[in-house]
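Keep the structure open as you read.

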Amino acid sequence: MENKKLAIVIPAYKVSYFRQVLDSINNQTCKNFTLYIGDDCSPYDLSKIVETYKSSISIVYKRFDKNLGGNNLVDHWNRCIDMVKNEDYIWFFSDDDKMEENCVANFYQALISLGEKDLFHFNVQVIDEKDQIIEPAAYKKKPFPAFMTQAEYIKGRLNFQLNSFVVEYIFSKKKFEEVKRFQKFDLAWGTDDATWVKMANRDGIHTIENSRVFWRLSSENISPNKSRDIIRRKMNATLKFLIFINEYINIKRIDKYFFNYWLHSMWNACIFLQRQEVLSLNKEFQKAFKISTYNKLKLNIMIFLRMRFKK
């Protein structure tokens, strides 16, 4: 077996689908990788589950003494990355998603056919809590092409034309360190998008064909949490994400994408927040970006109507 170039890293906490995740990794036709599992002081006995796979997978397991993900998810992600030793590439996976059995083999084939790129990508299908493939309307977006530039990626994301989940990317460890790791936002909201933008600045995103990742839509995802506190934190993170993108890249006529993204985000958030919170967020957005008089009016009318008629 050749030297392992790939590290699969799982920041683990939940137990509901943990065995399915490890089964999908154990079923890889190519096991030329090391699996690193960072247990975020989970209340569940994850080590007992991990132990059953140690005879068939090269595993490094560490249980952290303090739960970090609950308050600072990005820092927990980074300390899991710190577990990686000599591997050149990192696949940052999750404790509830799955991968097809030929993913690792096709990654190594992509290294041969494409060369050592900064950012590789797998196509994704959404599954439910029973592992069934589903196609929710909100997730029906354009497929990734074989190659995508940084500009195409961020425009696609800001214009809601692309789905993107953290588990579908394999990235160069060297490049990851070069761009100063995961971009830090509260709740890691926008962290993956911002990080891929940083990592795609040199040679874009390359999709690995004939392999899929299965992203699970379930009640345990962070997204369905509609508490006022979480929505407020997400909107603050969204604003910081947009400001970061605006400062980091130079793309002509991208202002309209920022406005449309903010308009859509505010439309979804308004009904969960108090009026003063909404007005404060909107004021900060208009301070950070040049908004036409027409768009200001459009945004203010939308906010008024959503706040006026929310249930």
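A crossing of two helices is right-handed if the near helix is turned clockwise from the far one by less than a right angle, and left-handed if anticlockwise. By that rule, α10 and α11 cross in a right-handed way, whereas α5 passes α7 in a left-handed crossing. The model is predicted.

**α10 with α11**

- Helix α10 covers residues 275-288, and helix α11 covers residues 293-309.
- Their axes lie 11 Å apart, at an angle of about 165 degrees.
- That angle makes α10 roughly antiparallel to α11, because angles over 145 degrees count as such.
- From α10, the contact takes in Arg275, Val278, Asn282, Phe285 and Gln286.
- Their partners in α11 are Lys296, Leu299, Asn300, Ile303 and Met307.
- By class, this contact of α10 with α11 holds five nonpolar, three polar and two charged residues.

**α9 with α11**

- Helix α9, residues 255-269, also packs with α11.
- Here the angle is about 10 degrees, and the axes are 10 Å apart.
- α9 and α11 are therefore roughly parallel to each other, because angles under 35 degrees count as parallel in this sense.
- α9 brings Phe259, Trp262, Leu263, Met266, Trp267 and Asn268 to the contact.
- α11 answers with Asn295, Lys298, Leu299, Met302, Ile303 and Arg306.
- The contact of α9 with α11 has eight nonpolar, two polar and two charged residues.
- Leu299 and Ile303 of α11 meet α10, and Leu299 and Ile303 also meet α9.

**α5 with α7**

- Helix α5 spans residues 150-158, and helix α7 spans residues 191-199.
- Their axes come within 9 Å and cross at roughly 160 degrees.
- α5 and α7 are therefore roughly antiparallel to each other.
- On the α5 side, Gln150, Tyr153, Ile154 and Arg157 make the contact.
- On the α7 side, Asp193, Trp196 and Val197 meet them.
- Four nonpolar, one polar and two charged residues make up the contact of α5 with α7.

**The second largest pocket**

- The second largest pocket holds about 380 Å³ of space.
- It is lined by 20 residues.
- Closest to the centre of this pocket are Val124, Gln125, Tyr139, Lys141 and Asn163.
- Strands β6 (119-127) and β7 (133-134) are the elements that each give two or more residues to the lining.
- β6 gives the largest share of the lining, five residues.
- By class, the lining of the second largest pocket has 10 nonpolar, five polar and five charged residues.

Definitions and conventions: Residues numbered from 1 in each chain as written. Predicted model: local features only at pLDDT ≥ 70, side-chain atom pairs only at ≥ 80, totals over all residues. Heavy atoms only, no water. Axes fitted to C-alpha atoms, helices over the stretch in contact; angles between N-to-C directions. Helix = DSSP H or I, 4+ residues; strand = E, 2+ residues; numbered from the N terminus. Parallel < 35°, antiparallel > 145°, perpendicular 65-115°, else oblique. Contact = heavy atoms within 4.5 Å. Nonpolar A, V, L, I, M, F, W, Y, C, P; charged D, E, K, R; others polar. 1 Å grid on protein atoms, 1.4 Å probe; cavity = no way out; pocket = protein on both sides within 12 Å on 5 of 7 lines; lining within 4 Å. Points joined across faces, edges and corners; volume = space filled by probe spheres on them.
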